[in-house]
Amino acid sequence: RQSEQQGRTMLLSLLHIGLAARCRTRPPTMQASGLEAERNKATARRGVMERSFLQPGTALVALEQKRAANPIGFGAKAAAAQVKKKKKTRTKGSRARPLSALATELKASGVVRIDGALSPALVEELREFVDAERVQATADVKAGRCDQKARFADLVLLDKRCDLLLPLHGPPIAALQELLGEGSVLGPLLQEVVGEAGVLQELACLTSEPGSAQQPLHPDTPWTPIPSAYTAFIALQDVDVEMGPTLYLPGTQTKEAHTSFFGGDLSLGNAGVSGVRRPPIPEEFLRSREVKLGLLKAGDLALYNQQTLHCGSANESRDKVRRQFYISMKNPLAQSKLCASLRPAFRNKLTLGAMKDELAALNGRRTRVDEGGGRGLFGKLDEVDALEVRDTEGAVQIRFGDEGSQLGSEYEII
C-alpha cells in the first residue's frame, strides 16, 4: 500500500508539473479551457436573463453644465482635507461652494454624458493608433518580449473583447489634453468629485467585436460611503443599439440599491463579476429600474461612478467594432482595493493635479524637453514603460512613436 501511495503521489506531482508548465507557456490568444468555457457560458446566460427583466432603455442624454471656477465638490472636498491636511478656514455660517449641474447629476444618478469631449480628427487618429498598438502589443506578448498583464487587462466574457492598456505618447497624450486640459468640461468635473489629489487608475481602450456576448450587470467597485473611482468612456466611433452599447442603471450607486441587487448581502459586491458568487437574480429590482444606453457619437463620453450598476451589451452587428477609449480617476480616500487597467509603470504615479500641470507645460504639444534635458513627466514614465519590452535575446527595446524624441524611434540598451 505504501508503494502504491508513493506511486500515486509521484504521478500527481508529474501531472502538476506538466499542467503548471502548460499554464506558464499558454499564449495570449489561446482559447479558454473547458472549465473556463463553461463558466463563461453560464455568465453569458445570466447576462441574457438579466437583460430580459430590464426595460428596453433610452439613450443617455447630455446636460448643460454651469460650473464655477476652481470647483470643490462632494468627493474632492474630503480628499483635499485628508491629503493636503489643510485646516478649515470657513467662518461660522459660511456655505460650501455649490456643485455644478453635471456634478449634481452625477451624484444623484451615478452617470452623466458629455458631448464633443474629443475632436473628430483626434478620434480618427486615436482609433487608428489603438488598432496598431493592439497588433504590436499582441506580437510582443506572443514573442515573450513583455508580460501579458503589462499590455492587456482582464475582462468578463473576454471572447470577442479586448482591453488594451495604452502608452503615454502620441494620440493618448493629445486625448488627455482635450479631456483634462484648459477649456475642457471633464477636467473641472473630475476635480469636483476626486480633487487634484485623485490618482489615474486606468488608461486603456475597450474593444467589443461582433459576436461579443451580453455581460451580466455589475458595479466595478463595491459600495462605500465615499465613491472609490470614476470612469469616462469615450466613443471612438458612433455607437448604435446593435453594436452593444454600455447599459447603465441610474441611481444604483447607493447602499440601498447594492443591498437589493446582491440579495441583502453587501459582501457579495466584493467578489467581482467572475460568475462564481452570483446570488439569485433580483427580478423585481431589475424590472423597477430605469435603463440608460450609451448611444454615443464619436468623441462623446459617459462618466460614471464605478459603484453604478452597468454592463456591456451584446454586439449583434455584422461588422461593426465598438471601441471605447477610457480613463479612470481614483479618489485618494478610496477604501476599496481597485483593479487598475493601467500599464505597471504608470500605477500610482499620476495625480489629476500633476497631469493638469504637465498638460499645461506641454501647451498643446505631445512631447517636451524640460530644463534638465528630460522628456517631462509623461515622457519619463513612458521611458520606464518601454523598459518592459525586450527582444528575444534579452536586450531592451525602447519604442517612441512620437515627434520630438531625442532618443530616436528605436534603440537598444545592452
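## Overall burial and composition

Of the 414 residues in the protein chain, 49% count as buried, a term that denotes under 20% relative accessible area with a 1.4 Å probe and protein chains only, against over 50% for exposed and partly exposed in between. This is a predicted model, in which local features need pLDDT of at least 70 and side-chain atom pairs count only at pLDDT 80 or more, whereas totals for chains, interfaces and linings use all residues. Residues are numbered from 1 along each chain as its sequence is written, and side-chain values use heavy atoms, with hydrogens and water left out.

The protein chain has 11 helices and 12 strands, assigned as DSSP runs (helices H or I, at least four residues; strands E, at least two) and numbered from the N terminus.

## Surface and contacts

The protein chain exposes about 20800 Å², of which carbon and sulfur atoms supply 52%; accessible areas come from the Shrake-Rupley method with a 1.4 Å probe, and for residues only the protein chains shown count as cover.

Among contacts (heavy atoms within 4.5 Å) in the protein chain with a separation of 6 or more, 83% are between residues 24 or more positions apart.

## Helix H7

Helix H7 spans residues 186-194 and is largely enclosed by the rest of the structure, because nine of its nine residues are buried. The buried residues in H7 include Leu 186, Pro 188, Gln 191 and Glu 192. Just after H7, Gly 195 takes a positive phi of about 80 degrees.

## His 169

His 169 lies in the loop between strand S3 (161-165) and helix H6 (171-180). With 10% relative accessibility, His 169 counts as buried.
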